[in-house]
Amino acid sequence: MVTSNISNPMSSLIGVHMPNFAIIGSGAMGSAVAKRLIDHGATVLTYLEGRSERTIARAKAAGMVPVDRQELTKAELILSIVPPSEAIKVAGLVADISSRIPAPPPFVDLNAIAPKTMQALAARFEGSGVEVLDGAIIGGPPVRGTSGPTIYISGDTAERSRLLEDCGLQIRRLDGPLGAASALKMCYAGINKGFIGLSTTMLLAASRSGAAESLKAELSQSLPDVDRKLSRSIPDMYPKAYRWVAEMQEIADFLGEDDPATTIFRGMADVFARMADDVEGSRVLVGQLDEILARPDIDR
């Protein structure tokens, strides 16, 4: 792994210390969060061993600095922004490298995981001296000219996340314990992404049954806001469907087996798994959805 000088030249220019952050995860969200921090003068380290050429290119374009895994501990905060299924694995990696130094940096998990997964993740750091913070990102990747997304943090009694706030991110600290931010994310995603999954299911059912034209007309007339939302959110879901599978499973775990809605979200995981396979394969379902969504509004 090629390492780079991680000092930030802006520090000497403006005479103040600018923080180093480490972000594990250089997907659309991770790289965009890194870009926001970098644009505000920070240095962002990342670990790219075994990652795809596309991910490496995205990290490079954002200005992230690839380093050896041990060098991630030179950051003042280590952030994990990965698919839910990888959250525990990343925590294990960070716990391992943190055990080798006397004063490791705090670790902030920003993934869409259930509170009990967050507790299991935090348990990986027992005895390591690492301060673990629970986080949740609500909203899309940061875009120049906008303030979002909102990043909720719980368990941050020492306000470690203020460094992120000082570097351009919109941070809201919750009074609740570790797991409070994860619970908020589960509830919000259950409403937002659950709605997209349910709508996807019923639009495909309309396509199969010959009711697509009538359904689209009725939506545009009686639920115009819903119609507009679906026209945006369903196509936006296609490249993300594979990541939403584990998120729906986390929501089901969050609800617990005594809640009848748990079955709904396990079903939603299957819906997004099916969509993910279609996106990477025949795109038959994508075509059916696009055809419905593209139908013009019909005055009645």
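A pocket is an open set of points on a 1 Å grid over the protein atoms alone, with protein on both sides within 12 Å along at least five of seven lines; lining residues have an atom within 4 Å of a point. A volume is the space filled by probe spheres set on the points, which are joined across faces, edges and corners.

The model is predicted: local features need pLDDT of at least 70, side-chain atom pairs count only at pLDDT 80 or more, and totals for chains, interfaces and linings use all residues. Residues are numbered from 1 along each chain as its sequence is written, and side-chain values use heavy atoms, without hydrogens and water.

**Exercise 1.** Characterise the second largest pocket.

Step 1: take its volume, about 260 Å³.
Step 2: list the lining. Ile24, Tyr47, Glu49, Arg51, Val82, Glu86, Lys89, Val90 and Leu93 form it.
Step 3: sort by class. Five are nonpolar, none polar and four charged. Here Ala, Val, Leu, Ile, Met, Phe, Trp, Tyr, Cys and Pro count as nonpolar, Asp, Glu, Lys and Arg as charged, the others, Gly among them, as polar.

**Exercise 2.** Do likewise for the largest pocket.

Step 1: the volume is about 1100 Å³.
Step 2: 38 residues line the largest pocket; Ala28, Met29, Lys240, Arg243 and Trp244 are the closest to its centre.
Step 3: the classes are 16 nonpolar, eleven polar and eleven charged.

**Exercise 3.** Decide whether Leu219 is buried or exposed.

Step 1: read the relative accessibility of Leu219, 13%.
Step 2: apply the cut-offs: buried is under 20% relative accessible area, exposed over 50%, partly exposed in between (1.4 Å probe, protein chains only).
Step 3: Leu219 is therefore buried.

Terms used:
On a 1 Å grid over the protein atoms alone, a cavity is a set of points where a 1.4 Å probe fits but cannot get out, and a pocket is an open set with protein on both sides within 12 Å along at least five of seven lines; lining residues have an atom within 4 Å of a point.
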